[in-house]
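I opened my notebook to record what I looked up in one protein model. I wanted to start with the whole chain and then go down to single residues.

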Amino acid sequence: MDEPRYKVVVNDEEQYSIWAADRPSPAGWRDVGVEGAKQECLDHIETVWTDMRPRSLREAMGE
């Protein structure tokens, strides 16, 4: 049995998640171009999502 494939998605608040690669991204989310095994996708998110605060909060705090 093949391991499921996932893709990394991001929303307008720059929050990341994974989604089944064979399904359209959910409303309000877009693909970032990374696809693979679940752990590969989670490793990518851990690398790029270094500030867990939503974008609107970071902007409100002047960053």
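My entries follow, from the whole chain to single residues.

**Entry 1: the whole chain**

I noted at the start that this is a predicted model. I looked up the elements and found 2 helices and 3 strands in the protein chain. From the N terminus on, their order is β-β-β-α-α.

I then looked up the extent of the C-alpha trace, which spans about 50 × 25 × 15 Å along its principal axes. Of the 63 residues in the protein chain, 19% are buried. The chain exposes about 4,600 Å², and carbon and sulfur atoms supply 50% of that area.

For contacts between residues at least 6 apart in sequence, I wrote down that 40% join residues at least 24 apart. I also looked up the charges: there are 8 positive and 14 negative ones, and their mean positions are 4 Å apart.

**Entry 2: the sheet**

In what order do the 3 strands lie in the sheet? I read the order as S2-S1-S3, in an open sheet with antiparallel pairing. Strand S2 (16-20) and strand S3 (29-36) each have a single partner strand, so they stand at the edges and one side of each is left without a neighbour in the sheet. On average, neighbouring strands of this sheet are turned by 35 degrees against each other, with direction ignored.

I reminded myself of a general point: strands of a sheet pair through backbone hydrogen bonds, either parallel or antiparallel.

Next I looked up how S1 and S2 are joined. Strand S1 (residues 6-11) runs antiparallel to S2, and 5 bridges join the two. I noted two of the facing pairs. Lysine 7 has tryptophan 19 in S2 as its bridge partner, and valine 9 stands opposite serine 17 in S2.

**Entry 3: the turn between S1 and S2**

S1 and S2 form a hairpin, and I found 4 residues between them. Glutamate 14 lies in the loop between S1 and S2. What is the phi of glutamate 14? I found a positive value of about 60 degrees, although glutamate 14 is not a glycine. Its relative accessible area is 33%, so I put glutamate 14 down as partly exposed.

Glutamate 13 is also in the loop between S1 and S2. Is glutamate 13 buried or partly exposed? Buried would need under 20% relative accessible area. Glutamate 13 has 25%, so I put it down as partly exposed.

I then looked up what glutamate 13 touches, leaving aside its neighbours within four places in sequence. Glutamate 13 is in contact with Pro54, Arg55, Ser56 and Arg58. I also checked a distance: glutamate 13 and aspartate 43 are 30 residues apart in sequence and 20 Å apart in space, C-alpha to C-alpha.

**Entry 4: histidine 44**

I moved on to helix H1 (residues 38-48), where histidine 44 is found. Histidine 44 has a relative accessible area of 26%, so I listed it as partly exposed.

Which residues does histidine 44 touch, not counting those up to four places away in sequence? I found Val8, Val32 and Val34.

Last, I looked up histidine 44 against glutamine 15. The two are 29 residues apart in sequence and 13 Å apart in space, C-alpha to C-alpha.

Terms used
Residues numbered from 1 in each chain as written. Predicted model: local features only at pLDDT ≥ 70, side-chain atom pairs only at ≥ 80, totals over all residues. Heavy atoms only, no water. Pairing = 2+ DSSP bridges. Axes fitted to C-alpha atoms, helices over the stretch in contact; angles between N-to-C directions. Buried < 20%, exposed > 50% of the residue type's maximum accessible area, 1.4 Å probe, protein only. Contact = heavy atoms within 4.5 Å. Areas by Shrake-Rupley, 256 points an atom, 1.4 Å probe, with all protein chains shown as cover. Lys, Arg positive; Asp, Glu negative; His and termini not counted. Charge placed at Lys NZ, Arg CZ, Asp CG, Glu CD.
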